[in-house]
Amino acid sequence: MNLDLTTVFPLLIPLTLSIAGLFTGLSRISDNTRQTMLKFISLAVIISAVIISFGHIEVTENPQALLAMSNVNLMVLLLVCFMTIVLVKFSQRYLFAEKNTHRYWRWLFLSLTSVSVVIVSNHLLIFWLGWVSISLCFHRLLLFYPDRPRAVLAAHKKFILARVAELALLVAIVLLYTQLGTFYLSDITHYYLTSASASELSLAEKVAAIMLAITALIKCAQLPLHGWLIQVVEAPTPISALLHAGIINLGGFLLLSFAPLFTFSIAAQWLILIVAGLSTLLSALVMMTRISVKVKLAWSTCAQMGLMLIECALGLYELAMLHLISHSLYKAYMFLGAGDVLQEYSLKQLAPQKNVTFISALSSLLLVILSTASIVYFTSYSGPLSVWLLVNTALALYLVSAVRNGTILQFLTSCLTVLLLIGFYMGGKIMLSWVMPTLPASVMFDAMDIWLSILFLALFVLAVQVRVFPQAKATQILYRWLFSGLYLDELMTRLTLFLWPITLRPEPYFENNKQTLTKESTP
């Protein structure tokens with residue numbers, strides 16, 4: 001009997017990670033034995049990644065395989081392997097003195113197993129089961145410290161939202177099956193890529209695309225469903241890194257997987273542009289008011305996820321893929337190095353800072369516009385105005401920060417960094433265009449471009465106002481609202497506890513304090 005390599009190669013990583021979770025999750029083995037096992041697991045993940053990378057070149061895709069490996073899937077799976085090795089190495093040191101570490105390792109590897117299953121799934125029911133499994137396994141990681149009320153509340157809110165997202169995803173899968181008669185993702189994408197009538201979606205297909213958009217918005221913690229993402233910093237640092245650098249990116253991966261369908265759904269695109277656009281604007285502004293490094297990074301994740309979803313809605317799938325990879329690596333580095341980041345931030349705050357003037361902010365914007373305009377002139381590359389406006393305003397804000405915190409030399413270094421970032425953007429987009437499949441161009445209405453341009457301009461103007469005119473009455477009012485997060489999470493928390501009340505202080509907390517109080521009150 002011939003062995004089907006199209007099934008064997010995608011199975012290597014999920015199988016390796018599931019076995020790792022099975023053995024490292026045993027409570028009766030010693031810490032030294034577990035440390036040795038973790039070294040072999042990291043080596044096994046590396047070997048599996050190498051085999052898959054070379055084997056993928058020789059294997060022809062089978063459209064009827066339960067598991068499949070495209071170029072996009074391979075890149076994301078290799079990213080998961082890299083994250084696994086980094087998290088294992090960091091967690092070994094981070095959890096050295098912790099109790100019940102076997103529970104951490106068990107649910108960590110099972111979460112990663114579920115993520116890898118979602119990535120390589122070609123059958124939508126397996127895709128959905130893996131999606132559900134991610135939430136259930138990660139829920140146990142969020143409750144690693146069950147005596148922390150904020151951690152319990154964050155896990156509770158995420159648990160409810162995850163069920164809603166899973167229901168929306170299941171509805172989309174069922175609707176697509178009733179229309180196309182197949183559960184295979186490769187068959188579905190092939191139909192929308194090749195069929196002449198695919199652009200004229202039926203009502204069921206339009207609803208399915210909207211359900212996919214809702215699933216992605218919930219998974220990416222867009223406002224006002226973002227509260228759990230901010231409060232999840234109560235969990236251990238490697239768990240926060242796994243969430244912000246890996247699991248939350250699955251919303252973007254979902255839209256990339258169903259891109260041929262999503263391209264033809266104007267309603268789903270508008271839903272993403274409105275919700276994710278407002279989330280990007282508000283989250284980026286709220287982030288400026290935060291002092292805690294982890295909380296600041298959490299708000300940054302919310303804004304970055306909104307931006308990635310916007311890129312998918314505009315049909316900029318190469319850019320969205322580049323964003324997904326870059327964000328994962330950046331957030332993993334920032335969370336796992338939070339201690340060094342905090343020290344660096346404190347030193348910057350103690351250093352003398354210059355006042356940012358309106359002229360310096362405007363000069364930074366004009367300097368960046370000239371830099372990006374040269375790209376269009378020399379490469380004949382064009383795109384939506386809103387995208388270029390976003391690039392210009394983001395880099396301009398970076399230069400404004402350089403003016404405020406640095407010397408002339410540091411400002412010139414920041415200008416060089418801007419040029420390198422622009423080159424990285426262009427080079428990454430070109431490179432990924434060779435890897436990703438050719439997709440039909442999304443319908444880009446002028447109204448979409450105008451909407452996003454207004455949002456990005458508002459972000460630049462309000463950010464400059466906060467930095468240039470901090471003592472103005474309007475700025476102080478804006479700052480208070482931003483510092484409170486527009487009270488959106490408070491409203492969602494009240495609604496959550498009204499629909500599904502929980503005890504925010506688990507029993508062990510009460511028992512420990514009851515014993516302490518009894519001892520102290522005894523004469």
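**Before you start**

This is a predicted model, in which local features need pLDDT of at least 70, side-chain atom pairs count only at pLDDT 80 or more, and totals for chains, interfaces and linings use all residues. Residues are numbered from 1 along each chain as its sequence is written, and side-chain values use heavy atoms, with hydrogens and water left out.

**Stop 1: the whole chain**

Show everything as a cartoon. The protein has 23 helices and zero strands. Both are DSSP runs numbered from the N terminus: helices are H or I with at least four residues, strands are E with at least two. Now colour by accessibility. Of the 523 residues, 51% count as buried. Buried means under 20% relative accessible area, exposed means over 50%, and partly exposed lies in between (1.4 Å probe, protein chains only). Contacts come next; a contact means heavy atoms within 4.5 Å. Among those between residues at least 6 apart in sequence, 79% join residues at least 24 apart.

**Stop 2: helix 11 and its two partners**

Select 250–257, which is helix 11, and 293–313, which is helix 14. Their axes are 9 Å apart, and the packing angle is about 5°. Axes here are lines fitted to C-alpha atoms, for helices over the stretch in contact, and angles run from 0 to 180 degrees between N-to-C directions. Helix 11 and helix 14 are therefore roughly parallel to each other. Angles under 35 degrees count as roughly parallel, over 145 as roughly antiparallel, 65 to 115 as roughly perpendicular, and the rest as oblique.

Show side chains at the contact. Helix 11 brings Gly251, Gly252, Leu255 and Leu256, and helix 14 brings Met308, Leu309 and Cys312. By class, that is five nonpolar, two polar and no charged residues. Ala, Val, Leu, Ile, Met, Phe, Trp, Tyr, Cys and Pro count as nonpolar; Asp, Glu, Lys and Arg as charged; the others, Gly among them, as polar.

Phe127, Trp131 and Ile134 of helix 5 meet Leu250, Phe253 and Leu254 of helix 11. This contact has six nonpolar, no polar and no charged residues.

**Stop 3: two residues of helix 15**

Select Met321, in helix 15. What does Met321 touch, not counting residues up to four places away in sequence? Its contacts are Val72, Met75, Val76, Leu256, Leu432 and Met436. Met321 is buried, with a relative accessible area of 0%.

At 4% relative accessibility, His327 counts as buried. With residues up to four places away left out, His327 touches His244, Asn249, Thr301, Gln304 and Met305.

**Stop 4: loop backbones**

Select the loop between helix 8 (203–219) and helix 9, where Pro224 is placed. A cis peptide bond joins Leu223 and Pro224, with omega about 5°. Ala221 lies in the loop between helix 8 and helix 9. Its phi is near 55°, a positive value in a residue other than glycine. Is Ala221 buried or exposed? At 0% relative accessibility, Ala221 counts as buried.

Now jump to Asn100, in the loop between helix 3 (71–94) and helix 4 (101–120). Phi of Asn100 is near 55°, again positive in a non-glycine residue. Asn100 counts as partly exposed, at 41% relative accessibility.

**Stop 5**

Select 488–499 for helix 22. Asp489, Met492, Thr493 and Thr496 are buried there. Look down the axis: the buried residues fall within an arc of 105°, so they line one face of helix 22. The arc is that of the directions from the helix axis to the C-beta atoms. Their cover includes helix 6 (149–180) and helix 9 (227–231). The face turned away carries the exposed Leu491, Arg494 and Phe498.

Finish at Pro501, in the loop between helix 22 and helix 23 (507–521). Pro501 is exposed, with a relative accessible area of 58%.

Methods:
Expected span 1.5 Å × (residues − 1).
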